[in-house]
Amino acid sequence: MDSRQITEGQQPWLLENGEPRRLTKESRHGHGRSRNAHNISTSLLRNKSDYTLMSKVHRAYLQSVLVNIQEVILGTKLSILFLAIPAAILAHYVGLGKSWVFIVSLLGLTPLAERVSFLTEQIAFFTGPTVGGLLNATCGNITELIIAIFALSRNEIDVVKYSLLGSVLSNLLLVLGTSLLFGGIANLGEEQKYDRRQADVNSLMLLFALLCHSLPLLFIYSASSPELTLEPTLYLSRTASIVMLGAYVVFMVFQLWTHRQLFEVEDESEDENSEEEEEAVIGFWSAFVWLAGMTVFIALLSDYVVDTIQDASDSWGLSVSFLSIILLPIVGNAAEHAGAIIFAFKNKLDISLGVALGSATQIAMFVVPLCVIVAWIMGVKMDLNFSLLETGSLALAIIVTAFTLQDGTSHYMKGLILLLCYFVIGACFFVQRTPNQNDVPNFTLKSVTDSVLST
């Protein structure tokens with residue numbers, strides 16, 4: 001505490017039952033707070049706080065407020081992007097071009113996603129590793145989930161499917177590919193190894209998710225009359241979604257209880273360079289209130305994104321599928337992705353794989369089926385049929401990634417292939433043009449008959 005120049009008596013916001021919450025080096029990797037890949041990757045973007053000026057403030061309440069602002073708002077290297085939040089609100093109410101509202105809202109979502117990870121980690125100091133792990137598993141992809149819910153409320157089912165598909169493709173091909181490529185180049189003289197067991201479990205979960213996504217599509221194509229399969233496909237998708245959510249719950253038990261050691265990764269530099277105890281920097285209720293506030297702003301900006309994506313598509317001449325599949329996932333998870341790439345440079349591929357595969361599994365096995373169930377509750381007919389092109393891209397991405405990770409070693413060529421796969425898929429959706437419903441001619445039997453008779 002002396003290194004932060006504030007005594008324990010001046011920090012009532014960090015006390016629980018009269019004692020500050022600390023995490024020792026031994027408990028960090030043993031029975032204490034869980035250090036998963038997401039926590040470690042996002043920690044690279046955090047700034048160390050200096051409490052020199054705040055220690056001179058004698059009022060405990062004011063000191064608590066200043067510490068919270070210092071840690072939550074200024075405690076990240078992305079703090080400058082917080083200015084995009086009021087800018088997006090102002091642009092929305094002033095009536096600035098909707099394409100500008102779209103891009104500014106995306107920039108505002110970037111620091112919010114990183115701060116959610118920080119706040120869930122702070123709450124984990126007080127709740128313990130199990131509840132903290134569940135909270136992190138739930139909030140890890142909260143940006144994609146909130147965007148999807150707002151899109152469902154506007155009946156934008158395609159935007160939901162595109163954005164969630166893009167998140168999986170981005171994690172498997174872009175993030176993992178970039179990490180393996182630059183990690184291999186930076187460590188040419190060293191053999192890069194990682195724990196295959198975590199990769200095997202995530203690959204198995206992704207293949208199961210692929211099965212659940214493929215069956216509705218195959219069911220429609222195998223029917224003699226596709227029109228008659230629309231309702232059965234919807235029922236099949238809802239049933240498969242319930243099964244996937246059940247499997248994800250079992251996966252959480254596997255990850256947080258029975259086989260926790262497979263998913264906890266250690267940042268060795270942290271142990272070598274620091275013998276200090278870790279401790280919460282803000283209190284439990286402060287972290288909870290900040291987390292609620294961040295969620296509100298994520299919801300607000302997500303509403304702006306969904307509302308303006310079609311206008312941005314028309315203004316820039318890009319398809320909605322390209323913006324949803326390529327642009328949304330890259331910007332929304334930029335902080336987490338940057339951390340994965342940086343750790344690959346340090347030859348710590350277990351962390352990079354934990355970020356990429358963990359996020360892809362969470363989207364495919366939790367967020368997608370949850371959206372189907374939420375849509376069911378809202379009366380929106382969303383199924384797991386992502387159409388032939390999208391499902392084929394997902395299948396190839398999962399299979400290529402599974403083959404890439406099968407031997408427990410890595411080099412830059414593997415990363416290059418994954419990255420090139422992402423570029424080719426991105427080019428496919430870049431040239432794809434989905435016409436508006438009003439622009440599509442209504443070729444009914446009556447219209448064709450009238451056309452023939454008039455001729």
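A residue is taken as buried when its relative accessible area is under 20%. By this criterion Phe366, at 15% relative accessibility, counts as buried in the predicted model described here. Across the protein, buried residues make up 53% of the 455 residues. The secondary structure comprises 18 helices and six strands. Of the contacts with a sequence separation of 6 or more, 84% are between residues 24 or more positions apart.

Aromatic contacts were examined over the whole structure, and the search returned eight aromatic pairs. In one of these, Tyr248 and Phe366 are stacked, with 5.1 Å from centre to centre and 25° between the planes. Tyr248 belongs to helix H10 (residues 230–258) and Phe366 to helix H15 (residues 349–378), so the pair ties together parts that are 118 residues apart in sequence. Tyr248 has a relative accessibility of 7% and therefore counts as buried; Phe366, at 15%, is likewise classed as buried. A further pair, formed by Phe322 and Phe430, is edge-to-face, with a centre-to-centre distance of 5.3 Å and 75° between the planes. This pair also links distant parts of the chain, as Phe322 lies in helix H13 (residues 320–332) and Phe430 in helix H17 (residues 412–431), 108 residues apart. Phe322 is buried, with a relative accessible area of 17%, whereas Phe430 is partly exposed, with a value of 39%.

The charged end of Arg115 sits over the ring of Phe118, at 4.3 Å from the ring centre. The corresponding distance for the charged end of Lys346, which sits over the ring of Phe343, is 5.3 Å.

Helix H13, which carries Phe322, is mostly covered, with eleven of its 13 residues buried. The buried residues are Val320, Ser321, Phe322, Leu323, Ser324, Ile325, Ile326, Leu328, Pro329, Val331 and Gly332. These residues pack against helix H5 (98–127), helix H8 (157–186), helix H12 (284–316), helix H14 (334–345) and H17. The axes of H12 and H13 come within 9 Å and cross at roughly 115°, and the crossing is right-handed. On the H12 side the contact is made by Val305, Ile309, Gln310, Ala312, Ser313 and Trp316, and on the H13 side by Val320, Leu323, Ser324, Leu327 and Leu328. By class, this contact contains eight nonpolar and three polar residues, and no charged residues.

Individual buried positions were then considered. Ile147 is located in helix H7 (residues 142–153) and counts as buried at 6% relative accessibility. With residues up to four places away in sequence excluded, Ile147 touches Leu109, Ser302 and Val306. Ile147 and Ile298 are separated by 151 residues in sequence, while their C-alpha atoms are 8.4 Å apart in space. Ser237 is found in helix H10, the helix that also contains Tyr248. The relative accessibility of Ser237 is 0%, and the residue therefore counts as buried. Under the exclusion of residues up to four places away in sequence, Ser237 touches Pro216, Val372, Asp383 and Leu384.

Asn155, in the loop between H7 and H8, has a positive phi of about 60° although it is not a glycine. Asn347 is found in the loop between H14 and H15, and this residue, also not a glycine, has a positive phi of about 60°.

Notes:
Residues are numbered from 1 along each chain as its sequence is written. This is a predicted model: local features need pLDDT of at least 70, side-chain atom pairs count only at pLDDT 80 or more; totals for chains, interfaces and linings use all residues. Side-chain values use heavy atoms; hydrogens and water are left out. Rings of Phe, Tyr and Trp (its six-membered ring) pair if their centres lie within 6.5 Å; planes under 30 degrees apart count as stacked, over 60 as edge-to-face and the rest as tilted. Helices (H or I, at least four residues) and strands (E, at least two) are DSSP runs, numbered from the N terminus. Buried means under 20% relative accessible area, exposed over 50%, partly exposed in between (1.4 Å probe, protein chains only). A charge sits over a ring if NZ of Lys or CZ of Arg is within 6 Å of the ring centre and within 35 degrees of the ring normal. Contact means heavy atoms within 4.5 Å. Axes are lines fitted to C-alpha atoms, for helices over the stretch in contact, and angles run from 0 to 180 degrees between N-to-C directions. A crossing is left-handed if the near helix is turned anticlockwise from the far one by less than a right angle, and right-handed if clockwise. Ala, Val, Leu, Ile, Met, Phe, Trp, Tyr, Cys and Pro count as nonpolar, Asp, Glu, Lys and Arg as charged, and the others, Gly among them, as polar.
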